[in-house]
Amino acid sequence: MKSKVLFTRTITPEKVLEMYEALGKKVTGKIAFKLHSGEEGNQNFLGPDFWKPVINTIGGTVVECNTAYEGTRNTTERHVKTLKKHGWSVAFDVDLLDGEGPDMELAIPDGKVIQKNFVGKNLVNYDGMIVLSHFKGHPMGGYGGALKQLSIGVASAYGKAYIHGAGEVEKLWTADHDLFLESMADAAKSVHEYFHGNTVYINVMKNMSVDCDCCAKAEDPCMNDIGILISEDPIAIDQACIDLVYASDDPGKDHLIERIESRNGVHTIEAAAALGYGSRDYELIELD
């Protein structure tokens with residue numbers, strides 16, 4: 001059976017909440033809202049005001065993890081300051097999942113490249129997760145969406161290096177590229193399955209630069225906004241976003257497609273689908 005992906009071309013904070021309600025899937029218990037806090041200097045990330053209606057209405061905690069590269073979010077002290085400067089900890093309850101060690105280890109017995117994933121230990125405090133992804137390009141992954149949020153996003157600083165290095169942290173920036181992409185697919189599976197279906201994925205196709213929100217100096221968006229998507233399937237929602245980019249008549253799409261294809265970005269989706277925790281086959285249901 002095809003996975004259901006709801007889609008609207010209207011992009012407003014209120015519409016995000018409407019889409020969640022339209023999906024009809026209620027995430028229960030103590031909810032973690034995983035989002036990207038934005039590197040200081042980045043102009044494209046979606047800030048607290050955009051996510052307020054959905055977070056405040058449903059209720060829960062904004063969660064993030066430290067990075068594995070130099071910047072304003074690579075230590076707990078720096079990340080806490082950035083979370084405050086960007087307004088996250090002012091607007092919401094915020095939990096830096098790996099703010100203090102040790103990491104929590106999730107097993108991936110059928111992982112193609114890695115068989116374990118290191119995440120922020122505070123993940124244990126949550127019953128469900130709503131993944132709020134800003135869909136855009138990415139310097140290494142080709143694109144960033146739900147699968148990246150589940151993998152690199154939820155991984156601790158050490159876990160990020162472990163995924164990037166395809167299981168060898170010392171190869172953080174030198175591992176075989178496709179092995180890195182497959183490691184992301186492995187890691188995403190472990191987090192998706194940790195919550196036993198108590199998850200929802202929201203991708204917002206807005207401010208679509210070829211660069212990620214982790215870039216302090218990112219390119220400006222190269223194509224017009226497309227819309228908001230929501231699904232229970234992290235693989236289907238990312239595939240739908242990729243397909244919408246290709247189907248667009250916006251000439252700026254060529255730049256984004258070049259970034260995705262030059263990094264073999266779709267391979268993360270291929271590898272995730274091969275692991276069986278979602279499907280590339282979906283039904284796109286467009287709403288007003």
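**Exercise 1. A residue in the core**

Leaving aside its neighbours within four places in sequence, which residues is L123 in contact with? Keep in mind that you are working with a predicted model.

*Solution.* Start at L123 and skip its neighbours within four places in sequence; the contacts are then L97, M104, L106, M129, V154, Y194 and F195. Next, look at the setting. L123 belongs to the largest nonpolar core, which has 48 residues, and L123, M205 and L229 are those with the most contacts inside it. Helix α8 gives the most to this core, with eight residues. Finally, find the second, separate core: it has 29 residues, including F45, L83, L132 and I228.

**Exercise 2. Checking a helix**

Work out whether the end-to-end distance of helix α8 agrees or disagrees with its number of residues, then decide how enclosed the helix is.

*Solution.* Step one: α8 covers residues 234–247, which makes 14 residues. Step two: the expected span is 1.5 Å times one less than the number of residues, so α8 should span 20 Å. Step three: the C-alpha atoms at its ends are 20 Å apart, and the two values therefore agree.

Now for the surroundings. A residue counts as buried when its relative accessible area is under 20%. Eleven of the 14 residues of α8 are buried, so the helix is largely enclosed by the rest of the structure. Among them are P234, I235, D238, Q239 and V245. At the start of the helix, a side-chain oxygen of D233 comes to within 2.8 Å of the backbone nitrogen of I235.

**Exercise 3. Two asparagines**

Decide for N117 and for N66: buried or exposed? Then find a side-chain partner for each.

*Solution.* Take N117 to begin with. Strand β6 (residues 116–119) holds N117. Its relative accessibility is 1%, so N117 counts as buried. The side chain of N117 makes a polar contact of 3.0 Å with the side chain of S190. Beyond its neighbours within four places in sequence, N117 has contacts that include M104, I108, I163, A187 and V191.

Turn now to N66, in the loop between β3 (61–64) and α3 (76–85). With a relative accessible area of 4%, N66 is buried. The side chains of N66 and T76 are joined by a polar contact of 3.1 Å. Once neighbours within four places are set aside, R73, H79, D98, S156 and K160 are among the residues in contact with N66.

**Exercise 4. A glycine in a loop**

How far apart in space are G141 and H267, C-alpha to C-alpha?

*Solution.* Then go to H267: the two residues are 126 residues apart in sequence, and their C-alpha atoms are 9.3 Å apart in space. What about accessibility? At 2%, G141 counts as buried. Its contacts, apart from neighbours within four places in sequence, are F180, L181, M184, R263 and G265.

**Exercise 5. Exploring a pocket**

Which helix gives the most to the lining of the largest pocket?

*Solution.* Begin with the space itself: the largest pocket holds about 320 Å³. Next comes the lining, made of 22 residues, with Y69, H138, K148, I152 and C214 nearest the centre. Then look at the helices: α5 (146–153), α6 (157–164) and α7 (177–194) each supply at least two lining residues. Of the lining, α5 gives the most, with four residues.

Definitions and conventions
Residues are numbered from 1 along each chain as its sequence is written. This is a predicted model: local features need pLDDT of at least 70, side-chain atom pairs count only at pLDDT 80 or more; totals for chains, interfaces and linings use all residues. Side-chain values use heavy atoms; hydrogens and water are left out. Buried means under 20% relative accessible area, exposed over 50%, partly exposed in between (1.4 Å probe, protein chains only). A polar contact is a pair of N or O atoms within 3.5 Å; within protein, one must be able to donate a hydrogen and the other to accept it, and residues adjacent in sequence count only if both atoms are side-chain atoms. A nonpolar core is a set of buried Ala, Val, Leu, Ile, Met, Phe, Trp, Tyr and Cys residues joined through side-chain atoms within 4.5 Å. Contact means heavy atoms within 4.5 Å. On a 1 Å grid over the protein atoms alone, a cavity is a set of points where a 1.4 Å probe fits but cannot get out, and a pocket is an open set with protein on both sides within 12 Å along at least five of seven lines; lining residues have an atom within 4 Å of a point. Grid points are joined across faces, edges and corners, and a volume is the space filled by probe spheres set on the points.
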